[in-house]
Structure formats: C-alpha cells, structure tokens
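Visitor: Please take a close look at one part of this model, the place where the ligands sit. I would like the contacts and the cut-offs behind them.

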Amino acid sequence: MALLKSSTLDIPETQAIPRHIAVIMDGNGRWAKARFLPRIAGHRRGAKAVRTLLENAAKLGVEYVTLFAFSSENWRRPAEEVSLLMQLFVSSLENEVSHLHDAQIRLKVIGDLAPLGVKLQTLIQDAEALTQNNNRLTLTIAANYGGRWDILQATNAWLIAHPERVSEGIAEADLTPYLAMAYAPEPDLFIRSGGEQRISNFLLWQLAYAELYFTDTLWPDFDADALNLAVLSYQQRERRFGRTSEQLATTQSAARTS
Ligand code: IPE
Ligand code: IPE
Ligand code: MG
C-alpha cells in the first residue's frame with residue numbers, strides 16, 4: 001500500500017469509510033465552564049472522549065486517527081493550564097498505553113517534542129516502541145505541533161540531506177517523505193468540535209483535500225452518534241480532486257463495468 005500518495009500529485013482512491021480522520025478536539029474549557037468546573041476537568045473528560053472515539057473509529061474500520069492535543073500556540077495559555085495539560089499527557093500515557101496495546105493500536109506522536117521535557121519524551125519513545133507492530137489502527141497525537149513548523153522542519157531536513165540539490169529547488173514529492181506524518185495517507189475527513197470553524201495551524205499541508213466537518217458539540221460530549229454524523233456527512237460529499245462531476249461519473253461507471 002503506497003502511503004505517500006499525494007492528493008495533488010495523484011488522485012487518491014476514496015471509500016465510504018474515511019481511512020484517516022484528523023480531529024481538532026475543541027471545547028473542553030467551555031464544557032467545564034458550563035458546569036462551574038475548572039478547565040482541567042474539561043480536559044480530563046476530553047481524554048475520556050478520546051477512548052470512546054478510538055473504539056468507535058476502530059469498529060467502523062477507520063485506519064488512522066490523528067488528534068490535535070496541544071498546538072504550538074497553546075504555550076500562550078496560563079502557565080498553570082499548560083502545566084496541568086502536560087501532567088494529563090503524562091498520566092494518559094502512563095495509564096492508557098497498555099490498553100492501546102491490548103486493542104492493537106499503534107501510537108505515534110508528532111510535533112516539536114524537545115520542549116516537552118525528558119520524562120514525556122521517554123514515555124513517548126517507550127509507547128511508540130511497544131505499539132509499533134500493532135495494525136488495527138494508528139493513533140497519532142499531535143503535541144506541540146504546528147502545521148507551519150511541520151512544513152519548515154521537513155524543508156530543513158531535506159536541505160540538510162540534499163545540499164547538492166539546493167540550486168534545483170524542492171519538488172513536492174521531495175518534501176512529503178520528510179513531513180511528520182509521512183507514514184500515513186492524507187486525512188480524508190477533518191473534524192473540529194466546539195463550534196469554531198478554523199484550522200488553527202493544524203495539518204496545513206496534509207489537509208489540502210480533506211473534507212471539512214465542523215460541529216457545535218463540545219469535545220467531551222463527542223460520542224458514537226457524533227462520529228456517525230460526521231461520517232454520514234463525509235459520505236454525502238463528492239470528492240472531485242479538481243475534476244468535474246461528469247468526469248467522476250464516467251470514472252465510476254468505467255470502474256463498475258471493468
Ligand atoms: C481544546 O479545548 C483542548 C486544548 C486546546 C488543549 P479548549 O481548552 O480549547 O476548550 P475551549 O475552546 O476553551 O472551550
Ligand atoms: C486548537 O484549539 C488546538 C487543540 C485542540 C489542541 P484551540 O482552542 O487552541 O484553538 P484556537 O486558539 O481557538 O484557534
Ligand atoms: Mg479552544
């Protein structure tokens with residue numbers, strides 16, 4: 001299976017169930033505020049919603065789930081919230097990795113990990129090593145991740161690896177192997193909970209042809225029904241990748257008769 005297929009260089013095959021779902025899990029703070037709870041209580045409930053999502057996505061046959069856990073801009077939050085979020089990340093790794101492994105889930109973490117500290121980096125490395133051969137579903141956690149960071153780190157890695165080719169310039173196919181999620185196909189479906197309709201510097205490159213789905217549901221309330229609604233919406237989209245509807249109809253009828 002070619003994973004590095006690019007939606008702008010090739011036309012990807014599409015199927016009824018998205019292979020890859022990328023999620024901005026937003027609305028934890030508002031969920032907590034509505035209950036007069038501290039924001040961290042919302043983040044804790046948000047972590048529970050991740051378990052539910054993974055179970056339901058695996059049941060549907062989704063192969064890749066990518067979750068935005070902490071953006072490169074989230075350092076701008078109050079120090080106490082940042083520190084509690086990091087603690088939650090540590091405790092989630094400590095408590096959940098064995099369950100992920102039992103569920104045959106492979107864990108990957110993408111982002112600029114050095115600022116997260118040695119303890120988190122060690123937990124991440126151990127979790128990735130333990131689960132590396134699991135093949136039911138790949139869960140990617142984006143931590144201290146930014147779409148612009150990703151494009152720049154890939155560019156810099158290419159420049160370091162190919163100093164002799166700098167004068168030629170970089171082609172798209174050169175860059176994609178260096179992107180943080182080069183092991184995964186591009187997301188088919190992007191979901192953002194919490195009502196905002198923006199990308200917030202998530203997977204800028206990889207979302208080029210993703211179907212975008214926004215819901216007012218706050219992340220801690222995102223349950224099996226919410227996922228089913230998102231997938232249903234995805235199934236009603238026509239993924240043209242630059243072509244016309246008529247071209248799509250011809251391709252589909254040719255595929256049916258061959
Ligand atoms: C998303 O929920 C989780 C993180 C960014 C870590 P928020 O904390 O952004 O929740 P709201 O947007 O304040 O409701
Ligand atoms: C995006 O949510 C980041 C994560 C969910 C980790 P934010 O709540 O931080 O996004 P903005 O600031 O409202 O765009
Ligand atoms: Mg938010």
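Guide: Arg192 is placed in strand S5, residues 189-192 (strands, E, of at least two residues, and helices, H or I, of at least four, are DSSP runs numbered from the N terminus). This is a predicted model, in which local features need pLDDT of at least 70 and side-chain atom pairs count only at pLDDT 80 or more, while totals for chains, interfaces and linings use all residues. Residues are numbered from 1 along each chain as its sequence is written, chains are lettered from A and ligands numbered from 1 in the order in which they are written, and side-chain values use heavy atoms, with hydrogens and water left out.

Arg192 has a relative accessible area of 4% and is therefore buried (buried is under 20%, exposed over 50%, partly exposed in between, with a 1.4 Å probe and protein chains only). Its side chain has a polar atom 2.8 Å from the backbone oxygen of Arg198. A polar side-chain atom of Arg192 also lies 3.2 Å from an oxygen atom of ligand 2. These are polar contacts, pairs of N or O atoms within 3.5 Å; within protein, one atom must be able to donate a hydrogen and the other to accept it, and residues adjacent in sequence count only if both atoms are side-chain atoms.

Arg198 has a side-chain N or O atom 2.7 Å from an oxygen atom of ligand 2, and for Arg77 the corresponding distance to an oxygen atom of ligand 2 is 3.2 Å. On its own, ligand 2 has 390 Å² of accessible area, and the protein covers 78% of it (Shrake-Rupley method, 1.4 Å probe).

The shell of ligand 2 includes Asp26, Phe68, Asn74, Arg77, Arg192, Arg198 and Ser200, a residue being near if one of its heavy atoms lies within 4 Å. Strand S2, residues 64-71, supplies the largest share of that shell, 4 residues. By type, the shell of ligand 2 holds 5 nonpolar, 3 polar and 4 charged residues (Ala, Val, Leu, Ile, Met, Phe, Trp, Tyr, Cys and Pro are nonpolar, Asp, Glu, Lys and Arg charged, the others, Gly among them, polar).

Ser200, one of the residues around ligand 2, is in the loop between S5 and strand S6 (211-214). Ser200 is partly exposed, because its relative accessible area is 30%. Its phi is positive, near 45°, though Ser200 is not a glycine. Most residues other than glycine have a negative phi. With 16% relative accessibility, Asn201 counts as buried.

Arg77 is also among the residues around ligand 1. A polar side-chain atom of Arg77 lies 2.7 Å from an oxygen atom of ligand 1. For Arg30 the distance to an oxygen atom of ligand 1 is 2.7 Å, and for Arg39 it is 2.8 Å. Ligand 1 taken alone exposes 380 Å², of which the protein buries 86%. Helix H1 (28-34) and helix H2 (39-60) are the elements that give two or more residues to the shell around ligand 1, and H1 gives the largest share, 3 residues.
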